[in-house]
Amino acid sequence: MFNLILFGPPGSGKGTQSEKLINKYGIKHLSTGDLLRSEITHQTALGLEAKKFMDKGQLVPDEVVIGMISSAIDQNEGVKGFLFDGFPRTSAQAEALDKLLELKNAPIALMLALEVSEEELVKRLMKRGETSGRSDDTNETIIRARITEYRNKTAAVADYYRQFDKVKIVKGEGSIEDIFNGLCNEIDARL
Ligand code: AMP
């Protein structure tokens, strides 16, 4: 198995690049944001609980997200690998993910970290809000709260993987194709 993490702040292009990466490498996309939004659409208890945090731009509690990703991994036996998008977002999630993958004998091979300036992030998210239908993309206060959560709780996750020499930084500004090529170069160097 070849497991990757696509890392970066909200609006750094993880969703767009994930679509392209899973097509090229044939791995399974697991986005905790998408999984949570699906829970909300189906009005499950987990979805209703998560929504309270998401509407404020805050992270959903670790145990909720870890349980969800654990079931998703179990439901996808036999895949070539996973592309984790928007997960892990805290050090506790990173440690839990390592334990889950240890059971499968399939550690994280690489974390690709997209780098984008904060002003560009806000601009992109406001623009995405015009069409995405996501309430957390339309309000600048919520957008800034999400970026603050990233800075306070999520950025440290890169340090966790850096100690194992698994992090590669890729420029997240420029054309979608150029960014994609930057990501593929790093993946191909590790494959
Ligand atoms: P995203 O689609 O990745 O931007 O996530 C949207 C929202 O879902 C975030 O602002 C969080 O409230 C929540 N969320 C997604 N992934 C996680 C995670 N790994 N841990 C905690 N909260 C998450």
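**Close-up 1. Lys 104, a partly exposed residue with a relative accessible area of 29%, forms a salt bridge with Glu 77 in this predicted model.** The closest N and O atoms of Lys 104 and Glu 77 are 3.1 Å apart. The pair links distant parts of the chain, since Lys 104 sits in the loop between helix 5 (91–103) and strand 4 (108–115), while Glu 77 sits in the loop between helix 4 (62–74) and strand 3 (82–85), 27 residues apart. Glu 77 itself counts as exposed, at 61% relative accessibility.

**Close-up 2. Arg 144 and Glu 119 form a salt bridge in which the closest N and O atoms are 3.6 Å apart.** Arg 144 belongs to helix 7 (residues 140–154) and Glu 119 to helix 6 (residues 118–132), so the pair ties together parts that lie 25 residues apart in sequence. Arg 144 is partly exposed, with a relative accessible area of 28%, whereas Glu 119 is exposed, with a relative accessible area of 52%. Both residues also take part in a network of salt bridges that links Glu 118, Glu 119, Glu 140, Arg 144 and Arg 151.

**Close-up 3. Asp 34 forms a salt bridge with Arg 37, and their closest N and O atoms are 2.9 Å apart.** The two residues are 3 residues apart in helix 2 (residues 32–41), which means that about one helical turn separates Asp 34 from Arg 37. Asp 34 is partly exposed, with a relative accessible area of 41%, and Arg 37 also counts as partly exposed, at 25% relative accessibility. In the model as a whole, the count comes to 19 salt bridges.

**Close-up 4. The largest pocket has a volume of about 960 Å³.** It is lined by 48 residues, and those nearest its centre are Pro 10, Lys 14, Arg 128, Arg 134 and Arg 146. Among the elements that give two or more residues to this lining are strand 1 (3–7), helix 1 (14–25), helix 3 (45–54) and helix 9 (176–190). By class, the lining of the largest pocket consists of 17 nonpolar, 19 polar and 12 charged residues.

**Close-up 5. The second largest pocket has a volume of about 230 Å³.** Of the 15 residues that line this pocket, Pro 9, Leu 114, Glu 115, Tyr 150 and Ala 155 are the closest to its centre. Strand 4, helix 6, helix 7 and helix 8 (156–162) are the elements that give two or more residues to the lining of the second largest pocket. That lining holds 11 nonpolar and 4 charged residues, with no polar ones.

Technical notes: Residues are numbered from 1 along each chain as its sequence is written. This is a predicted model: local features need pLDDT of at least 70, side-chain atom pairs count only at pLDDT 80 or more; totals for chains, interfaces and linings use all residues. Side-chain values use heavy atoms; hydrogens and water are left out. A salt bridge is a side-chain nitrogen of Lys or Arg within 4 Å of a carboxyl oxygen of Asp or Glu. Helices (H or I, at least four residues) and strands (E, at least two) are DSSP runs, numbered from the N terminus. Buried means under 20% relative accessible area, exposed over 50%, partly exposed in between (1.4 Å probe, protein chains only). On a 1 Å grid over the protein atoms alone, a cavity is a set of points where a 1.4 Å probe fits but cannot get out, and a pocket is an open set with protein on both sides within 12 Å along at least five of seven lines; lining residues have an atom within 4 Å of a point. Grid points are joined across faces, edges and corners, and a volume is the space filled by probe spheres set on the points. Ala, Val, Leu, Ile, Met, Phe, Trp, Tyr, Cys and Pro count as nonpolar, Asp, Glu, Lys and Arg as charged, and the others, Gly among them, as polar.
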